[in-house]
Amino acid sequence: MTLNPIPDPIPDVLAPARLGPVTLRNRTIKSATFEHMAPGALVSDQLIDFHRQVAAGGVGMTTVAYCAVAPEGRTEADQIWMRDEAVPGLRRLTDAVHAEGAAASAQIGHAGPVASAKSNGYPALSASRRISPMGPQVTHAATLADIARIRTAHGTATRLAIESGFDAVEIHFGHNYFASSFLSPALNRRKDSYGGSLRNRARLVREVAAEVREAAGDRIAVLAKLNMDDGVPGGFWLDEAIQVAQWLEADGSLDAIELTIGSSLLNPMYLFKGEAPLNEFAAVMSPLMRFGVKVAGKFFLHDYPYEDLFMLDAARQIRANVSMPLVLLGGITDKAAMDTAMAEGFEFVAMARALLREPDLINRIREDHDRKSLCIHCNKCMPTIFYDTHCVLATPQVAAR
């Protein structure tokens, strides 16, 4: 007689949960959103308050973005890069987050072809040389020495994150940043051991994850943000993402993977869904770039219909092929969506735009499970990353609650 196994109970998204060696007070994560609050590439009081508000608002963990592992790995000059000088400010930030009962994660990585060479004063690096829309500029093919240096820098950044009091690091393997450019067949035309086959293209990702795990040990959690697809013809796609996720699981270097999509380099709206705010983007650009956005922006910033849980269909296929913890991102703004994610087997959920609109949304959902987010997915927050990331619809009173 064969007995049917008793199904595991669906986790309560608002109850404590383990993430590697860390216990979070709930399963919600503020996903990484570049804040543009780090003048001189150092933490400001404004950045501390940004994350303190989200922590006070109830999330289990907030993610500081973006902490580059090298000076040329920043998307622009006023962005944190991990060095000794940054530690005191980062410690003040993690202390503020911990005082509110939340955990803090540092998103670490190298922007690669998405970096601004003009702003940083360093050449932008990628898997292969190509003309880039970021500037415009030409990205340089990373040498083997560059690859080794950047890989080692991830370990150094991890040790600095531990010194700064972070509970976790999230390695950026998405959005056609440096590591993601190696994964993409459209961007990686190398003929060496880092190009060609998927195993070769995934070599850097696996080496970096191993470097970070060695530096982290069991002191902090290690996550990675991994593209499921780039949204670019000929780019990294779901079938390859499944295999990379399986390799990362087998390597044992990660505690969780946060699933994402899109290319900050070639198709940024693919990640966000909804209307592309062309006028708002043009308004924050230089005169030349403003003209370009008005004339050709619709060919680069595409509109994609928004729907709740818009990454779920693709993420299910990753979930079906790995057993390690996964973080579901994309159109999760209320408890119904969170519960769906839990029922589908995801261990954590991540949110961004909804928490810009209401930093205290998790507390409000805890008080009222039928609470709906005030975020209307207009995407007008996106251009604010160029000067001070915020929801343009939120009043100061709402944002400070």
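View 1. Y66 has its place in strand β4, which covers residues 61-68. Strands here are DSSP runs of E with at least two residues, helices are runs of H or I with at least four residues, and both are numbered from the N terminus. A cis peptide bond links Y66 to A65, with omega at about 10°. Keep in mind that this is a predicted model: local features need pLDDT of at least 70, side-chain atom pairs count only at pLDDT 80 or more, and totals for chains, interfaces and linings use all residues. Residues are numbered from 1 along each chain as its sequence is written, and side-chain values use heavy atoms, with hydrogens and water left out.

View 2. S44 counts as buried because its relative accessibility is 14%; buried means under 20% relative accessible area, exposed over 50%, and partly exposed in between, using a 1.4 Å probe and protein chains only. Leaving aside residues up to four places away in sequence, S44 touches M37 and P39, where a contact means heavy atoms within 4.5 Å. The S44 side chain also reaches the backbone nitrogen of L47, at 3.1 Å. Look for L93 too: 49 residues separate S44 and L93 along the chain, and their C-alpha atoms are 9.0 Å apart.

**View 3. H36, in the loop between β3 and α1.** H36 is found in the loop between β3 and α1. Although H36 is not a glycine, its phi is positive, at about 55°. With a relative accessibility of 15%, H36 counts as buried.

**View 4. K273, between α9 and α10.** The loop between α9 (269-272) and α10 (278-283) holds K273. Phi of K273 is near 65°, a positive value in a residue other than glycine. Is K273 buried or exposed? K273 is buried, with a relative accessible area of 9%.

**View 5. Stepping back to the protein chain.** The protein chain has 16 helices and 13 strands. Its radius of gyration is 20 Å, close to the 21 Å that the globule rule gives for 401 residues, so the chain is as compact as a globular protein of that length. That radius is taken over C-alpha atoms, and the rule is 2.2 Å times the number of residues to the power 0.38. Along its principal axes, the C-alpha trace spans about 60 × 55 × 45 Å. Of the 401 residues, 60% count as buried.

Key:
Polar contact = N/O pair within 3.5 Å; in protein donor to acceptor, adjacent residues only side chain to side chain.
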